[in-house]
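Please open the model in a viewer and keep the selection tool at hand. The stops below say what to select next and what is to be found there.

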Amino acid sequence: MPIDLYYVLGSPPCRTVMMLAKDLKVDLNLKVTNLMAGDNKTPAYLKMNPQHAIPTLDDNGFGLGERQYKMFITTCVRKSLLTRVMDLKTEIFTGTIFFPQPRHSTLPRGQICQERLVVPQGRKKRAIVDQRLDFDAGHLYNGFVTYYLVPILNTGKVGEKYWLDKLQENFNILNNILEGETWVAGNSITIADYAIAITVSTVELMGFDISKYSNVTKWYAKVQKAIPSYKEINDEGSKQLKEFFSQFQNHAILGYLADKYSKDDSLYPKDVNKRGLVNNRLFFDIGTLYAGFFGYYVPVLRTGKLGDPSFKTKIDEGFELLNTFLEGENWVAGSNLTIADYSIVATVASFDVLGYEVNKWKNVSEWYKRAQQTMAGYDEINGEGCRILKQFFDQLLK
């Protein structure tokens with residue numbers, strides 16, 4: 001019976017678990033989780049994971065969440081191992097499992113053994129793997145969160161130099177850990193390599209220069225080849241994450257222009273409550289509306305075909321929410337035109353020009369017409385851009 005995994009592909013912890021499960025041939029029932037739409041706040045989800053985070057696993061009623069990250073990975077390994085043991089009925093393994101190569105293995109160094117997963121002999125090796133996982137969660141990945149993730153979500157900019165210095169300090173530690181070692185926990189690839197590889201790939205994606213750390217650079221090149229599913233899962237997730245962050249940079253520009261050049265603060269109110277509502281709508285645009293566009297239409301750029309139909313359902317759900325926001329309101333964040341309207345109208349226009357039936361949502365349709373009539377230069381800039389977008393997609397879909 002497959003394990004349910006609630007995930008967002010752009011999330012580094014989600015990609016770590018997905019890669020390990022795939023390489024261990026653990027059957028996952030993948031469930032895309034729309035955080036902006038509140039998929040992680042439903043009673044059923046909170047029962048599985050009261051901290052409402054991703055990834056969250058449901059193994060026939062046994063729930064584990066992102067905060068139990070280390071246990072999460074171990075559970076995937078144990079599940080695969082027990083299945084293998086039941087098939088063989090010859091060996092019994094217990095304890096926390098990871099991947100050291102048997103001494104007599106004829107496999108090339110770094111290649112994951114598909115025939116046998118071995119329990120490390122003694123607690124010392126296991127303790128080292130645990131320490132490396134803790135180092136990743138508490139220092140490396142936390143560096144991504146404090147220097148990149150949280151500041152960009154809040155301000156559109158990276159964090160203070162203090163947090164960059166801490167991140168660099170921790171990469172120096174990782175570099176020292178790898179001195180004279182092939183893998184982060186010794187001479188065999190382990191789940192710690194999976195976790196740390198995703199963190200390293202994520203900070204590199206954000207522009208962090210890992211080339212200054214020679215041991216890390218060598219290990220990183222090696223681990224990408226050693227993890228069979230790395231390219232398939234991590235590359236696509238990284239693209240989604242980069243797209244996600246690029247939208248926040250766009251919103252930061254909108255806020256900057258409104259703050260500096262608007263005759264008053266109506267476009268981006270200084271009042272905390274009103275600005276909070278505008279930010280909420282901007283996040284809704286990124287995490288729900290534009291995420292649906294990205295999931296359903298952007299695959300055309302790579303495959304010439306529309307994305308998974310499940311994204312079409314997510315698009316409908318997003319427009320239903322937008323329609324609710326606009327009930328009794330002229331604009332998406334209340335009675336005044338704001339930068340959220342500028343952002344969302346560009347997304348809605350992209351849907352519209354590619355054939356989505358915007359008109360089936362009454363409030364959205366009325367707001368959409370109102371925005372086109374109100375925004376100076378709408379047809380010249382957004383209208384022309386949408387026409388170019390349609391021509392491009394029409395050529396790809398032929």
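The salt bridges of this predicted model number 11. Begin by selecting K161 and D165, whose side chains meet in a salt bridge with an N to O distance of 3.0 Å. These two residues are four apart in helix α5 (residues 161–177), which means that about one helical turn separates them. K161 is exposed, at 57% relative accessible area, whereas D165 is partly exposed, at 33%.

Next, select K360 and D316. Their closest N and O atoms are 3.5 Å apart, and the two residues form a salt bridge. K360 belongs to the loop between α12 and α13 (362–374) and D316 to helix α11 (residues 309–325), so the contact ties together parts that are 44 residues apart in sequence. Both are partly exposed: K360 has a relative accessible area of 43% and D316 one of 22%.

Move on to D379 and R387, a salt bridge in which the closest N and O atoms are 3.7 Å apart. D379 is partly exposed at 47% relative accessibility, and R387 is partly exposed at 39%.

The aromatic residues come next. Across the whole structure, a search finds 17 aromatic pairs. Select Y162 and W163: their rings are arranged edge-to-face, 4.8 Å centre to centre, with 80° between the planes. Y162 is partly exposed, with 49% relative accessible area, and W163 is partly exposed as well, with 32%.

Now select F293 and F351, an edge-to-face pair with 5.5 Å between the centres and 90° between the planes. F293 lies in helix α9 (residues 272–296) and F351 in helix α12 (residues 339–353), so this pair ties together parts 58 residues apart in sequence. Are F293 and F351 buried or exposed? Both residues are buried.

R281 lies over the face of F325, 3.8 Å from the ring centre. At W331, the charged end of R370 sits over the ring, 5.9 Å from its centre.

For the surface, select I253, Y256, L257 and Y261, a nonpolar patch with about 460 Å² of accessible area together. Of these, I253 is found in helix α8 (residues 230–261).

Finish at N60, in the loop between β3 (56–59) and β4 (62–64). N60 has a phi near 55°, a positive value in a residue other than glycine, and counts as exposed at 62% relative accessibility.

Key:
Residues are numbered from 1 along each chain as its sequence is written. This is a predicted model: local features need pLDDT of at least 70, side-chain atom pairs count only at pLDDT 80 or more; totals for chains, interfaces and linings use all residues. Side-chain values use heavy atoms; hydrogens and water are left out. Buried means under 20% relative accessible area, exposed over 50%, partly exposed in between (1.4 Å probe, protein chains only). Rings of Phe, Tyr and Trp (its six-membered ring) pair if their centres lie within 6.5 Å; planes under 30 degrees apart count as stacked, over 60 as edge-to-face and the rest as tilted. A charge sits over a ring if NZ of Lys or CZ of Arg is within 6 Å of the ring centre and within 35 degrees of the ring normal. Patches are made of residues with over 30% relative accessible area and no salt bridge: like charges are joined within 9 Å, nonpolar side chains (Val, Leu, Ile, Met, Phe, Trp, Tyr) within 5 Å. Accessible areas come from the Shrake-Rupley method with a 1.4 Å probe; for residues, only the protein chains shown count as cover. A salt bridge is a side-chain nitrogen of Lys or Arg within 4 Å of a carboxyl oxygen of Asp or Glu.
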